[in-house]
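Thanks, everyone, for making the time this morning. I would like to walk through one structure with you, going chain by chain and then turning to the charged pairs.

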Amino acid sequence: MWSVVKSVLAALLGVQSNQKRQEDFSSGKPAAYIVTGIVITLLFVLMLIVLATFAAR
Amino acid sequence: MRSAWRWLLVITLSASGSQANANDWNMPVGVTDVSADIFGLHMTIFWICVVIGLVVFGAMFYSLFRYRHSKGAKAANFHEHTSVEVLWTAIPVLILVGMAVPATATLKNMYDSSDAELDVMITGQQWRWRYEYLGEDVAFTSNMSTPRTQVSGAETRGEHYLLEVDEPLVLPINRKVRFLMTSDDVIHSWWVPDLAVKQDTIPGFINENWVTINEPGIYRGQCTELCGINHGFMPVVVHAMEEDEFDGWLAERKEAAAEEAMGVDREWAMEELVARGQEIYQSICSSCHQAEGQGSPPAFPALANNEQLISDVDWHLNKVINGVSGAAMPAFRSTLNPVEIAAVVTYTRNAWGNDTGDVVQPSEVAELIAQ
Ligand SMILES: [Cu+2]
C-alpha cells in the first residue's frame, strides 16, 4: 500500500527511479494505482481550496 | 541587422531603467497605487525571466562550445539521475510560487471595491460611453469628438486623434471611486492604461472595479473589445481633478441637471430646440444616419425626405423613444432626457428639406416616456 502511494506521489512530481518503475510494473494491480491516483489528486485539490480559503480571510 | 541593433538598444535602455523613456515601449507606471503594483510585478517577473533565460541559455551555449565534437568530447550516456530531476522540478515550483504570492496579493486588492466614496455607473453603448454619478443625479454620454474629416483624411490629424471626447469622465483624486460597469447592447471593454483598469462591460451583468487616482491629469484609453463598425471610435477620457475642484464641478452639473429637469415644463422656441437638436444629432445619430440625414440604406434608413417620418410625428417619436427591437436602432428613452429627445426630433423634422415646421415640446415627450 505505502509503495503504491509513494509511486503515485513520484508520478505527480514527474520523477521516478528506473528500478522502482520496474517493480511497479511487475507487481500489483493497475486499479490500485488508478484509485490511489484519483484520491491523492482530490486531496491535493482540497488542500488548495483550504489554502485559498485561509489566504482570502 | 539594423532592427537587431534597435532591439539591443531597447533592452539596454530598459535595463538602465530610465522611466521617462521607458513608457515608449513598456507599460505605463500609471497614476494609482494598483497600477504601480502591477508595473512592479511586471518588472519583477520580467527580471526573473531574464535571469532564468541567461542561466539556461548560458549553460547550454557554454556546454555546446566547451564540449564540442571537434575537441574530441564524448557523449555521456547515462539515464536517470533522481536527485537532479527532483532539483529541476523543485526550483521551478519555488519560482512559480514565489511569483504567485505577490501577484495574488495584488489581484486581491484589485477586486476589493469596498468602502468607495463615489459610485460611477459606466455603460457601454454602440459607440459611446455613458457615465452616471449614482445618487448625484448627474449623468451624461461621452462621444468621440475627433471630426470625421480627420478620419477620412480630408483634414490633418490632431494631437489626440481618436482619443478625444466631447465630455470626459470627471473624477476626484485621492478618493476611492467604484465603477459599476455594464452595457446596453454588445460586449465592450473600458480600458485606461494609466489607471490600470481594463474591464469588460457585458449586457445583463454588472462588473465592479475601482480606482484611487493619485495625480490630477487627463488619462486616455479606448474600448478594447471589438464591438462593431465604430469600435475604434469610442475612446475613454478621464479628467482627474483636485478634490475641491471636483466638488465644484459636481455641484455645477447637479444644478444644470435640475435646471434641465425644470426645462421639461416650459414652452421651448423652435430655434432653441433646433440648435440643441443639431448638436445631439451630430454627436449621437450621425454615426448611423449620416451627417446630412441621408443614411446609408439598406442598413441605416435615410431621415431626410423620409415620407413616413414627415407625415407621422407619433411614429417618429416612437422610433426614437423606444428604438426598433431586433435592429440597430437604440431606444433613447433612458439615455437622452425629454428635452434632448424633443430637440433632436424637432431638428430632424426641420432639417435637410424635411420642412414640416413641427415643434415637439419636451413636456409631450416626458408624457410619452411616462406611459
Ligand atoms: Cu465598444
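Let me begin with chain A, which has three helices and zero strands, and which reads along the sequence as α-α-α. Please keep in mind throughout that what you see is a predicted model. Of the 57 residues of chain A, 21% count as buried, and the chain exposes about 4500 Å², with carbon and sulfur atoms supplying 74% of that area.

The UniProt record, in an unreviewed entry, annotates residues 33-56 of chain A as "transmembrane region"; in the model this span is 96% helix and 0% strand, and its end C-alpha atoms lie 34 Å apart. On the surface of chain A there is a nonpolar patch whose members include Val35(A), Val39(A), Leu43(A), Phe44(A) and Leu46(A), and the patch as a whole has about 920 Å² of accessible area. To take one of these residues, Leu46(A) sits in helix H3, residues 30-55 of chain A, and it counts as exposed because its relative accessibility is 52%, where the cut-off for that class is over 50%.

Turning to chain B, the unreviewed UniProt entry places "transmembrane region" at residues 44-65 and 86-105. Residues 44-65 of chain B are 100% helix and 0% strand, with the end C-alpha atoms 31 Å apart, and residues 86-105 of chain B are likewise 100% helix and 0% strand, with a separation of 29 Å between the end C-alpha atoms.

Chain B also carries sheets, and I will take two of them in turn. One is an open sheet of five strands in the order E3-E2-E1-E5-E8, with mixed pairing. Its edge strands are E3 (138-142) and E8 (207-212) of chain B, each of which pairs on one side only, and neighbouring strands in this sheet are turned by 25° against each other on average, direction ignored. Within it, strand E1 (residues 118-125) and strand E5 (residues 176-183) of chain B run parallel and are joined by seven bridges; Thr123(B), for instance, has Thr182(B) in E5(B) as its bridge partner.

The other open sheet of chain B has five strands in the order E4-E10-E9-E6-E7, again with mixed pairing. Here strands E4 (169-172) and E7 (197-201) of chain B stand at the edges with a single partner strand each, so one side of each is left without a neighbour in the sheet. Strands E6 (residues 188-192) and E9 (residues 217-223) of chain B are antiparallel and joined by two bridges, and Trp190(B) stands opposite Cys223(B) in E9(B).

Finally, the charged pairs: how many salt bridges does a search of the whole structure find over all chains? The search finds 10. One of them joins Asp119(B) to Arg178(B), with the closest N and O atoms 3.0 Å apart; since Asp119(B) lies in strand E1 and Arg178(B) in strand E5 of chain B, the pair ties together parts that are 59 residues apart in sequence.

Methods. Residues are numbered from 1 along each chain as its sequence is written. Chains are lettered from A and ligands numbered from 1 in the order in which they are written. This is a predicted model: local features need pLDDT of at least 70, side-chain atom pairs count only at pLDDT 80 or more; totals for chains, interfaces and linings use all residues. Side-chain values use heavy atoms; hydrogens and water are left out. Two strands pair if DSSP finds at least two bridges between them. Helices (H or I, at least four residues) and strands (E, at least two) are DSSP runs, numbered from the N terminus. UniProt positions are given in the numbering used here, feature names are shortened, and annotations may be inferred rather than shown by experiment. Buried means under 20% relative accessible area, exposed over 50%, partly exposed in between (1.4 Å probe, protein chains only). Accessible areas come from the Shrake-Rupley method with a 1.4 Å probe; for residues, only the protein chains shown count as cover. Axes are lines fitted to C-alpha atoms, for helices over the stretch in contact, and angles run from 0 to 180 degrees between N-to-C directions. Patches are made of residues with over 30% relative accessible area and no salt bridge: like charges are joined within 9 Å, nonpolar side chains (Val, Leu, Ile, Met, Phe, Trp, Tyr) within 5 Å. A salt bridge is a side-chain nitrogen of Lys or Arg within 4 Å of a carboxyl oxygen of Asp or Glu.
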